[in-house]
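User: Hi! I have a model open and would like to know what lies behind some of the labels used for it. Could you take me through them?

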Amino acid sequence: MPAANPGRKPVRLGVNVLASGRHDAAWKTLPDPETLPTDIDAFIRIATVAERGKIDALFLADGPGGLVDEALHRPWRALDPVTLLAALSQATSHIGLVATTSTIFGHPTIVARQIASLDHISKGRAAWNIITSQTPVALAAFGLEQGFGQEERYRRAAEFVEIVTGLWDSLPASAIVADRDRTVFVDKALVRPVAVAGRHFSARGALSAPVGPQGRPVIFQAGQSEDSKAFGARYADALFTGQRLIEPARRFYADVKALARANGRDPDQLLVMPGLFPIVGSTEAEALRRKADLDAGLDIDFLRGELARHFALDPDDLPLDATLPYDKIAAAEPRVPIASRWPRKQILAEAVEHGWTVRQAALSNIVGGHRMIVGTPEAIAADILHWLDTGAADGFNLNIDVQTSGLADIVDAVLPLLRKAGRFRGEYTGQTLRHHLGLARYVDPRDAEPLRRTGTGR
Ligand SMILES: Cc1cc2nc3c(=O)[nH]c(=O)nc-3n(C[C@H](O)[C@H](O)[C@H](O)COP(=O)(O)O)c2cc1C
């Protein structure tokens, strides 16, 4: 479905932060790679460039808990995202701060307090990115033998979110009266405690942190399945999704906007932001060379193993310079675990479209999963606007090849073109992440003004 205001919608942009960058060999080009995952100065450098570009938000993905397999091959996400973003909030002034935490592991009261604290500390720049994954590493880290079935996973997530949002609303600013004469600080009569007894989670009482500057922190959600869409259309303000091809992206976009509408929501208040992995060069040849130079640092056997894992095949089934063995892939489909089906399906569709060999597929960001575009600033800006103007996205979560050079190329070469087209801000015009994203401040319906009756009284 075309966008409401084709040709006018502002582009929303997040930066998906990894200290080294998203290209799997980026770290080999950088000094002191062994300290990168925990180097706060490296994160501050990234945040500073992103804020210079007036980008909407820094986005920290995460795997809950344990050391991920990825760490065997590249710098990984070592630091707790909420703690790291709290530190970055003090090194920045406007950029939004999106922290990924799980709705499967841990307790909602802890997450409610962490994100509400980040919202106060950052003066209204916090967002919570909901994930529902249950990777073997996370299950093991939390001492669980097995995960939840699909339906139970989303039921658990819904209970989690209901408690978090209930707690976010539980201590309105108006309840903090600080009345010196009566020696009353919080007026108990104005507190709105939750009382939830769920199948998975329960909570009673009010949160220690009062309602923050945004009314509620922004809620992102990362997912892909039909259940995920229904969940996101109910609870999220913005969806982080993986879309490698424009047609399925348009269907996803139309579906979630329709679901939002069916829930009585304004579809413009549910943003769709797929991941995008741009590699920039001043000419196309230079961009291709930049990618080839980086790709030379990749371990092709590891990538072939990853591709084989996506397809539930043996690496020997994938000779590097042959086209993908579509028959074998189709036969192995039932063995692919649900949670890894999105990159599989999309890599496959893209491989068919471009006639890729195994090697080409392996070099197309199969680990990060997101769509790669290699080209000039003009080509990348045009691609971004094409997706916005044909109803495929409201913006993108940018994966940067190498930090901070790749981000600086976006900021200095791509964003000026979006600005020239009148589609990206030249300055921040507000203080909160909700403001940057065009999302209304959240108002608790209990505080909304009663509708005033006007006119004939019909
Ligand atoms: C774009 C995108 C980003 C995601 N980011 C993370 C992440 O940072 N950490 C994580 O553990 N899971 C992440 N996930 C996994 C989702 O939370 C979810 O578990 C997965 O998509 C499977 O559920 P679904 O098929 O119902 O969407 C991400 C998924 C998508 C689509």
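Analyst: Gladly! Two residues are in contact if their C-beta atoms, placed from the backbone, lie within 7 Å. Keep in mind that this is a predicted model. By that cut-off, seven residues of domain 1 are in contact with ten residues of domain 2.

User: Which residues make up domain 1 and domain 2?

Analyst: Domain 1 takes in 12-280 + 371-446, and domain 2 is 299-362. Their C-alpha centres lie 30 Å apart.

User: What makes the side of domain 1 that touches domain 2 polar, nonpolar or charged?

Analyst: Its residues divide into five polar, one nonpolar and one charged.

User: How do you know that the span of helix α11 agrees with its 14 residues?

Analyst: The expected span is 1.5 Å times one less than the number of residues. For α11 (residues 341-354) this should give 20 Å, and the end C-alpha atoms are 20 Å apart, so the two agree. After α11 comes Gly 355, with a positive phi near 65°.

User: Why are some residues of α11 called buried?

Analyst: A residue is buried if 20 or more other C-beta atoms lie within 10 Å of its own. Pro 343, Arg 344, Gln 346, Ile 347, Leu 348 and Ala 351 are buried in α11. The buried residues of this helix pack against α9 (300-311), α10 (326-332) and α12 (358-362).

User: Which residues have the most contacts inside the largest nonpolar core?

Analyst: That core has 99 residues, and Leu 58, Leu 97, Ala 127 and Phe 220 have the most contacts inside it. Another core, of twelve residues, lies apart from it and includes Leu 307 and Ala 351.

Note on methods: Residues are numbered from 1 along each chain as its sequence is written. This is a predicted model: local features need pLDDT of at least 70, side-chain atom pairs count only at pLDDT 80 or more; totals for chains, interfaces and linings use all residues. Domain bounds come from an automatic or database domain assignment. Ala, Val, Leu, Ile, Met, Phe, Trp, Tyr, Cys and Pro count as nonpolar, Asp, Glu, Lys and Arg as charged, and the others, Gly among them, as polar. Helices (H or I, at least four residues) and strands (E, at least two) are DSSP runs, numbered from the N terminus. A nonpolar core is a set of buried Ala, Val, Leu, Ile, Met, Phe, Trp, Tyr and Cys residues joined through C-beta atoms within 7 Å.
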